[in-house]
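Keep the viewer open, try each task yourself, and then read through the solution.

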Amino acid sequence: MLQLNPIFNDHMVFAFAKPIRVSGRSNEEVSVVFKDQKITVKPINDEWEVTFPPEEIGGPYELVVSNKTEQIVIKDIYVGLLLLMAGQSNQQFKFKEGLDKYEEYLSNSNIRLFSTNRPMFFDGDLEPFRASDGWKVLEKEEIPSWPSLCYQVSRFINEKDKNIHIGLVTCYEGASVIEAWIPENKIIGTSLDIPLSFKHPDHSDTFYKIWNRNGLLYDVVFSQCKPLTYNIICYYQGESDTSLEEGKIYDKELEILAKIYRSDTKDESTPFLIVEIANLDVRNDNGWRSIQKAQERAIDIIPNSYLIDSRGVSETSCIHPSRKKELARMIANQIIDIYNL
């Protein structure tokens with residue numbers, strides 16, 4: 001038996017200047033070869049992981065994984081810029097749902113997307129991609145179905161540096177609360193464990209509560225992202241936590257989330273981008289503003305974090321701003337500045 005974690009697949013992107021980790025399952029000794037480097041490891045309880053030294057931007061490469069009886073070859077691998085795009089519905093929002101326009105749309109083999117499985121797919125769901133699809137190389141015909149920010153952020157970065165390959169990994173669920181993205185044992189019995197009656201209604205909504213249980217999205221969705229190390233974690237969430245009491249603790253929840261995600265992906269210094277939620281006409285209240293203020297406070301307690309203020313570039317008439325081009329430009333420019341691209 002020899003298996004790789006599903007995120008290891010043809011067309012994948014490893015993060016440049018970061019440890020290159022490969023993991024999976026086997027019932028016998030495993031050898032992993034990448035760029036003429038070979039590491040052999042004995043699995044523990046059938047699980048194994050190896051780590052290669054950081055690499056500079058380049059490719060294409062192959063990854064060869066084998067044991068005594070089986071071999072897996074992953075092709076068309078690049079080392080480039082790897083982004084974890086996490087959060088709720090504004091991160092999930094598809095390009096075809098919005099009003100952003102460009103003069104031309106082109107396929108681009110330098111831009112690649114891996115879509116994690118969400119807890120629940122249903123008829124009419126706009127999510128066309130699954131983890132089983134592997135890494136999707138950007139095709140012109142599929143642009144409408146790409147997450148809008150994933151497409152537009154990568155497009156702006158590509159315009160700045162046409163040589164670098166950009167990988168995007170999705171980690172989102174619409175109408176999700178932050179507690180669902182944090183391990184349950186970091187919430188229960190702590191100062192973050194406030195009564196349900198103090199929380200936004202999305203915590204208890206009949207449909208949304210399917211995934212809005214403490215730690216569920218961390219266990220089900222983020223766990224799919226753990227095998228890789230990232231150049232950027234971009235977190236855009238908060239609309240479903242906009243009660244006044246939640247605003248008092250949200251910055252601390254962000255601090256815990258950032259620390260855990262960095263630890264789990266084996267890089268304590270990964271730049272952490274917080275997208276501040278936009279203003280909303282129907283929620284011009286202290287609860288909504290308390291989350292915005294908490295997001296602003298968070299960058300003072302989370303090392304190497306950056307605030308992306310969406311308020312000046314997003315419509316205020318809808319919780320899902322239909323134009324995300326300027327927000328995407330802001331995110332892309334921050335990433336370009338961080339890595340001097």
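## Exercise 1: A serine in a loop

Serine 322 counts as buried, at 17% relative accessibility. Keep in mind that you are looking at a predicted model.

**Task.** Find where serine 322 is located, and work out which side chain its own side chain makes a polar contact with.

**Solution.** 
- Step 1: Go to the loop between strand E14 (305-309) and helix H7 (325-339), and you'll find serine 322 there.
- Step 2: Check the burial. Buried means under 20% relative accessible area, so serine 322, at 17%, counts as buried.
- Step 3: Look for the polar contact. The side chain of glutamate 315 is the partner, at 2.5 Å.
- Step 4: If you skip neighbours within four places in sequence, serine 322 is in contact with Phe93, Gly98, Leu99, Asp100 and Glu315.

## Exercise 2: Asparagine 90 and the largest cavity

**Task.** Work out which partners the side chain of asparagine 90 reaches, then say which residues line the largest cavity.

**Solution.** 
- Step 1: Start with helix H1 (residues 89-92), where asparagine 90 lies. Its relative accessible area is 1%, so asparagine 90 is buried.
- Step 2: Follow the side chain. Asparagine 90 makes a polar contact with the side chain of glutamate 239 at 2.9 Å, and its side chain also reaches the backbone oxygen of isoleucine 319 at 3.0 Å.
- Step 3: List who else touches asparagine 90. Neighbours within four places in sequence aside, its contacts are Leu149, Tyr236, Glu239, Ile319, His320, Pro321 and Lys324.
- Step 4: Searching the whole structure turns up one cavity of 30 Å³ or more, and the largest cavity holds about 40 Å³ of space.
- Step 5: Read off its lining: Asn90, Tyr236, Glu239, Ala278, Asn279, Leu280, Trp288, Cys318, Ile319 and Pro321.

## Exercise 3: Tyrosine 236

**Task.** Is tyrosine 236 buried or exposed, and how many residues separate it from leucine 149 in sequence?

**Solution.** 
- Step 1: Find strand E12 (residues 232-236), which holds tyrosine 236.
- Step 2: With a relative accessible area of 1%, tyrosine 236 is buried.
- Step 3: Tyrosine 236 and leucine 149 are 87 residues apart in sequence, and their C-alpha atoms are 10 Å apart in space.
- Step 4: Not counting residues up to four places away in sequence, tyrosine 236 touches a list of residues including Asn90, Leu149, Val275, Ile277 and Leu327.

## Exercise 4: Strands and faces

**Task.** Work out the strand order of the open three-stranded sheet, and decide which side chains of E6 point to the buried face.

**Solution.** 
- Step 1: The order is E1-E3-E6, with antiparallel pairing. Strand E1 (2-4) and strand E6 (47-52) are the edges, as each pairs on one side only.
- Step 2: Check the angle. On average, neighbouring strands in this sheet are turned by 30 degrees against each other, direction ignored.
- Step 3: Look at how strand E3 (residues 20-26) meets E6: they run antiparallel and are joined by six bridges. Serine 23 stands opposite glutamate 49, and valine 22 stands opposite valine 50.
- Step 4: Recall a general point: in a regular strand, side chains alternate between the two faces of the sheet.

## Exercise 5: A hairpin and a buried leucine

**Task.** Find how many residues lie between E4 and E5, then find which residues leucine 63 is in contact with.

**Solution.** 
- Step 1: Strand E4 (residues 30-34) and strand E5 (residues 37-41) pair in the antiparallel sense over five bridges. Serine 31 has threonine 40 in E5 as its bridge partner.
- Step 2: The two strands form a hairpin with two residues between them, and lysine 35 in the turn has a positive phi of about 50 degrees.
- Step 3: Leaving aside neighbours within four places in sequence, leucine 63 is in contact with Val22, Val32, Val33, Phe34, Ile72, Val73, Ile74 and Ile77.

Methods: Residues are numbered from 1 along each chain as its sequence is written. This is a predicted model: local features need pLDDT of at least 70, side-chain atom pairs count only at pLDDT 80 or more; totals for chains, interfaces and linings use all residues. Side-chain values use heavy atoms; hydrogens and water are left out. Helices (H or I, at least four residues) and strands (E, at least two) are DSSP runs, numbered from the N terminus. Buried means under 20% relative accessible area, exposed over 50%, partly exposed in between (1.4 Å probe, protein chains only). A polar contact is a pair of N or O atoms within 3.5 Å; within protein, one must be able to donate a hydrogen and the other to accept it, and residues adjacent in sequence count only if both atoms are side-chain atoms. Contact means heavy atoms within 4.5 Å. Two strands pair if DSSP finds at least two bridges between them. Axes are lines fitted to C-alpha atoms, for helices over the stretch in contact, and angles run from 0 to 180 degrees between N-to-C directions. On a 1 Å grid over the protein atoms alone, a cavity is a set of points where a 1.4 Å probe fits but cannot get out, and a pocket is an open set with protein on both sides within 12 Å along at least five of seven lines; lining residues have an atom within 4 Å of a point. Grid points are joined across faces, edges and corners, and a volume is the space filled by probe spheres set on the points.
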